[in-house]
Amino acid sequence: MAPTRSRQPKVVPKPGDAQPKLVGKLDDASKVVKAATGLTDQAVRLVRQLVHLAGWIVLLISTVKLVIDPPQELAAANFLGHGAGAAAVLQGVVKVPARWRKAQTPSLPEAIETPKALEPP
């Protein structure tokens, strides 16, 4: 069963009028861009979770290593693993404020109404 596409009725173009073709191409391009944006967003979330997990592992390993085999003298270099792990864990914990995410997504002005066929479900 082939998926059905809900499209607006085709307008018969006048000779030399390329606007309906352009609108159709822009509509298809916007769908591709929206899908690519969603895929990129999911990839970013996955990488953020992997960095968070790796940070916990680095923090755990460096702590166990420091407890099992303590150095003769404690120096700042002995805590580099702790710092890297803690930075990765904090990167996974800290969330981007919603106002920053909303500022990146463009919105339609109030004067322009979205056709009902293009509104999200």
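## D41 and its partner

D41 is partly exposed, at a relative accessible area of 35%. D41 forms a salt bridge with R45, and their closest N and O atoms are 3.2 Å apart. A salt bridge here is a side-chain nitrogen of Lys or Arg within 4 Å of a carboxyl oxygen of Asp or Glu.

R45 is partly exposed too, at 48% relative accessibility. Both residues lie in helix α1, four residues apart, which is about one turn of the helix. Helices (H or I, at least four residues) and strands (E, at least two) are DSSP runs, numbered from the N terminus.

## Basis of the model

The model is predicted: local features need pLDDT of at least 70, side-chain atom pairs count only at pLDDT 80 or more, and totals for chains, interfaces and linings use all residues. Residues are numbered from 1 along each chain as its sequence is written, and side-chain values use heavy atoms, leaving out hydrogens and water.

## The other salt bridge

How many salt bridges does the rule give? The count comes to two. D27 pairs with K31 in a salt bridge, with the closest N and O atoms 3.7 Å apart. D27 and K31 sit four residues apart in helix α1 (residues 19-68), so about one helical turn separates them.

D27 is partly exposed, at 22% relative accessibility. K31 is partly exposed as well, with a relative accessible area of 43%.

S62 lies in helix α1. Is S62 buried or exposed? S62 is buried, at a relative accessible area of 14%. Setting aside neighbours within four places in sequence, S62 is in contact (heavy atoms within 4.5 Å) with G81 and H82.

H82 belongs to helix α2 (residues 80-93). H82 is buried, with a relative accessible area of 17%. Which residues does H82 touch? Not counting residues up to four places away in sequence, they are L59, S62, T63 and L66.

Helix α2 has 14 residues, and at 1.5 Å a residue they should span 20 Å. The expected span is 1.5 Å times one less than the number of residues. The end C-alpha atoms of α2 are 20 Å apart, which agrees.

The buried residues in α2 are H82, G85, A88, V89 and G92. They cover an arc of only 135° around the axis, so they fall on the same side of α2. The arc is that of the directions from the helix axis to the C-beta atoms. L80 and L90 are exposed, on the other side of α2.

## The whole chain

The protein chain has three helices and zero strands. From the N terminus on, its elements run α-α-α. Buried residues make up 7% of the 121 residues in the chain.

Take the contacts between residues at least 6 apart in sequence: 59% of them join residues at least 24 apart. The protein chain exposes about 11,100 Å², and carbon and sulfur atoms supply 68% of that area. Accessible areas come from the Shrake-Rupley method with a 1.4 Å probe; for residues, only the protein chains shown count as cover.

Technical notes:
Buried means under 20% relative accessible area, exposed over 50%, partly exposed in between (1.4 Å probe, protein chains only).
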